[in-house]
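Visitor: I am new to this one. Please show me how to read it.
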Amino acid sequence: MTASAQPPPPVDEKRASFEREALVHLDTLYRVALRLTGNASDADDLVQETMLKAYRAWDQYEKGTNAKGWLLTILRHAFINEYRRRTRHPETVDLDTIEPFAVFGEIQEEDPQGAFFDRIVDDEVLRAIDALPEAFRETLVLSDVEGMSYQEIGKILEIPVGTVKSRLFRARQLLQGKLYDYAVNMGYIKGTPA
Amino acid sequence: MNCRECVEHLYEFLDREVTPELERDIREHLEECPPCGEQFDFESLFLKFLRARCRAQGAPPELKRRLLRDLFGE
């Protein structure tokens, strides 16, 4: 092995820290973007725009704090300002009128272990999530897919922790209800006749 | 703690968002109350199922290439 005569190239500190702290969250940003926009092409563009904005504003980000939360806030603002208008119609659903449905009560005799979940494929789950009202969908994705805390979610969505809690409760119950209906329709479980 | 109080904190407990005192009270109740235990197990399973089903998807390699090009001129 020969020693290199050349000194190593100067490290671009901005780029290095951006790669270390921001680019590592690319998968998270993409998954959230996909659930927000509802299609791959808009999700690509939204993530691209988020990362370019983040890189331009990188000096304002306090290194070593919560880059994931910071990036998701940028992504969500970009979505609201530029994508929501054309990708999905503004919500007209009154969230308070949505009745939660206790699936466990329905299946505790037949399938208390929830074995029917195992028969539901990924695409069907994603479809059911996409059918949730936006406010429920974004809360559920940040919590249940990306594993963020109530406080982090509240900060990103600009809502109190109590609202995160109640949205999450209703989102989960609603989603369970949809998956339960699907499982009954597919004959995975007998269910309770309506 | 009774069943209603226990179930009220179900998701907070599973999300690890309860105080140590509340967590202890819930655990005690769950040990003594099989029906609540079953419900907690069911919800816990549901959350694991959800995470497993949704995390398989990552950013496409082409998006990553496009990003590196636009960010750093590669």
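Visitor: How much area is buried between chain B and chain A?
Guide: The size of an interface is often given as the accessible area lost when the parts come together. Here about 3,700 Å² is buried between chain B and chain A (1.4 Å probe, summed over both). Carbon and sulfur atoms give 63% of that area. This is a predicted model: local features need pLDDT of at least 70, side-chain atom pairs count only at pLDDT 80 or more, and totals for chains, interfaces and linings use all residues. Side-chain values use heavy atoms, without hydrogens and water, residues are numbered from 1 along each chain as its sequence is written, and chains are lettered from A and ligands numbered from 1 in the order written.

Visitor: How many residues does the contact take from each chain?
Guide: Chain B gives 31 residues and chain A gives 46 (heavy atoms within 4.5 Å).

Visitor: How many salt bridges cross the interface?
Guide: The rule finds 5 (a side-chain nitrogen of Lys or Arg within 4 Å of a carboxyl oxygen of Asp or Glu). One of them joins B:D15 and A:R172, at 3.0 Å, N to O.

Visitor: Which element gives the most on the side of chain B that touches chain A?
Guide: Helix 4 of chain B, with 12 residues (helices are DSSP runs of H or I, at least four residues).

Visitor: What about empty space inside?
Guide: Rolling a probe the size of a water molecule over the atoms shows where empty space is left. Helix 4 of chain A gives the largest share of its lining, 3 residues.

Key
Buried area is the accessible area (1.4 Å probe) that two parts lose on being put together, summed over both. Helices (H or I, at least four residues) and strands (E, at least two) are DSSP runs, numbered from the N terminus.
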